[in-house]
Amino acid sequence: MDHFLYKDGALCAENVPVAEIAAQVGTPFYCYSTATLLRHFRLFDEALAGIDHVVCYAMKAASNQAILTTLAQAGAGMDVVSGGEYARAIAAGVPGEKIVFSGVGKTREEMRAALAGGIRQFNLESEPEMEVLNEVATAMGVVAPVTVRVNPDVDAKTHAKIATGKSENKFGIPIARARAVYAHAARLPGLKVVGIDVHIGSQLTDLEPFRQAYRKVADLTRALRTDGHVIDRLDLGGGLGIPYTRSNEAPPLPAEYGAMIREELGDLGCEIEIEPGRLIAGNAGIMVSKVIYMKSGEGRDFLILDGAMNDLVRPAMYEAHHDIIPVIEPDAGVEQRPYDIVGPVCESGDTFAKQRMMPPLVAGDLVAFRSAGAYGAVMASEYNTRPLVPEVLVHEDQFAVIRARPTFDEMINRDTIPAWL
Ligand SMILES: *Cc1c(COP(=O)(O)O)cnc(C)c1O
């Protein structure tokens, strides 16, 4: 469920007509709904009610400071994967004890910053990383709380670029080696083992792979406890999928996910941490774009938009589908026709959809890409010297630009000309 609905024939974000935002901000832009963000966060929080738990929003999905502040004020923790994301979490007012640091290549600088500013735990992904964190923590005279990310070798049945839980992926340590790796961690004085971490991929539309992974984690918890380790926390990662089309997909709901977690892990007495990203932000955001031209080609019509692959890369990168809807509600029964919907960038990959059935559209019409809130604006670039796409946050009948579109001068002046020129 989201808060982007037609009201009196006009697409609205909560109570704000999207066309009104477009008139003030220009296109393309991203628009997020506060109510949807909060609703999704609370669904996870409620799904784990009764179990000791923390919902750490995986901010790589959408990390605008206003989004983070919204979620932080609602009580969210954060999952960060870089020093920059850690700084964002702190700036949004998230206390260090609610921040988990994930990622396969943490640097010494990142470790130092997180140890100095406060951290709930580091999710370690290799023994070399373990050694380095031990050195950094020891040199600072502190003890770093850690989990080890185990790779359970399950097939998440998702797009290859976002599957992370098979043994051929670069993530975590093979679960078969976990006991040896935990024994290694226990010997390092700068580390304190607090639990186990697992994250098998993104956009999972079936609970079964999660269930298989969590069963392996439950077995490992018992084995590690037998070995004398204190396993108090289980970080179960993120990855729950969202419906990208309104017609046929029905991924599991957070409540069903929570029930499965209880079933598989409820008797272990562990605090549960989850790291949802996409499910919190994905359907809380749209990208709004304008038709520049309708061009009739040989046997096909192209809608050329002012938004492009640099603004929303998911179709080019993951072959992702986004529903694209007109901002003015089409009349019921209007005859739809197929369009190739493309951006202006000089690459054939800059194609959002092929032969997509749409009501007739002409130059100047606005369209909205649904489900664009996660892995949208955060992956945008200025390729083709197109200004970084702005972001807007709506709250009931108000909206605010939360990241402004840079001017050409601002973009050009970020570069410096060497003295010899
Ligand atoms: C990307 C990522 C997440 C979030 O995944 P979603 O599919 O957006 O929920 C959580 N944890 C880790 C370690 C990740 O890399």
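The centres of domain 1 and domain 2, taken over C-alpha atoms, lie 32 Å apart. The contact between them (heavy atoms within 4.5 Å) takes 27 residues from domain 1 and 25 residues from domain 2. The structure is a predicted model, in which local features need pLDDT of at least 70 and side-chain atom pairs count only at pLDDT 80 or more, while totals for chains, interfaces and linings use all residues. Residues are numbered from 1 along each chain as its sequence is written, and side-chain values use heavy atoms, with hydrogens and water left out.

By the domain assignment, which is automatic or comes from a database, domain 1 covers 4–31 + 282–412 and domain 2 covers 33–280. Together the two domains bury about 2200 Å², of which 53% is on carbon and sulfur atoms; buried area here is the accessible area (1.4 Å probe) that two parts lose on being put together, summed over both. Polar contacts across this interface come to 12 residue pairs, both residues being at pLDDT 80 or more. Such a contact is a pair of N or O atoms within 3.5 Å; within protein, one must be able to donate a hydrogen and the other to accept it, and residues adjacent in sequence count only if both atoms are side-chain atoms. Salt bridges (a side-chain nitrogen of Lys or Arg within 4 Å of a carboxyl oxygen of Asp or Glu) number zero between domain 1 and domain 2.

On the side of domain 1 that touches domain 2, the elements giving two or more residues are helix H11 (314–318), E20 and E21. Helices (H or I, at least four residues) and strands (E, at least two) are DSSP runs, numbered from the N terminus. E20 supplies the largest share of this side, four residues. The residues of this side divide into 12 nonpolar, eight polar and seven charged, with Ala, Val, Leu, Ile, Met, Phe, Trp, Tyr, Cys and Pro counted as nonpolar, Asp, Glu, Lys and Arg as charged, and the others, Gly among them, as polar.

E20 (residues 391–395) and E21 (residues 398–403) are themselves partners, pairing in the antiparallel sense over five bridges; strands pair if DSSP finds at least two bridges between them. Val 392 is placed opposite Val 401 in E21. Two residues lie between the strands of this hairpin, where Glu 396 has a positive phi near 55 degrees.

E1 and E2 (residues 10–13) are joined by four bridges, and Lys 7 has Ala 10 in E2 as its bridge partner. In the loop between E1 and E2 sits Asp 8, a residue other than glycine with a positive phi near 50 degrees. A cis peptide bond links Thr 27 to Pro 28, with omega about -5 degrees; Pro 28 belongs to the loop between helix H1 (18–25) and strand E4 (29–33).

Strand E17 (residues 337–342) runs parallel to E15 (residues 301–305), with four bridges, and antiparallel to E18 (residues 351–358), with five. Ile 341 of E17 is the bridge partner of Leu 303 and also stands opposite Ala 353 in E18.
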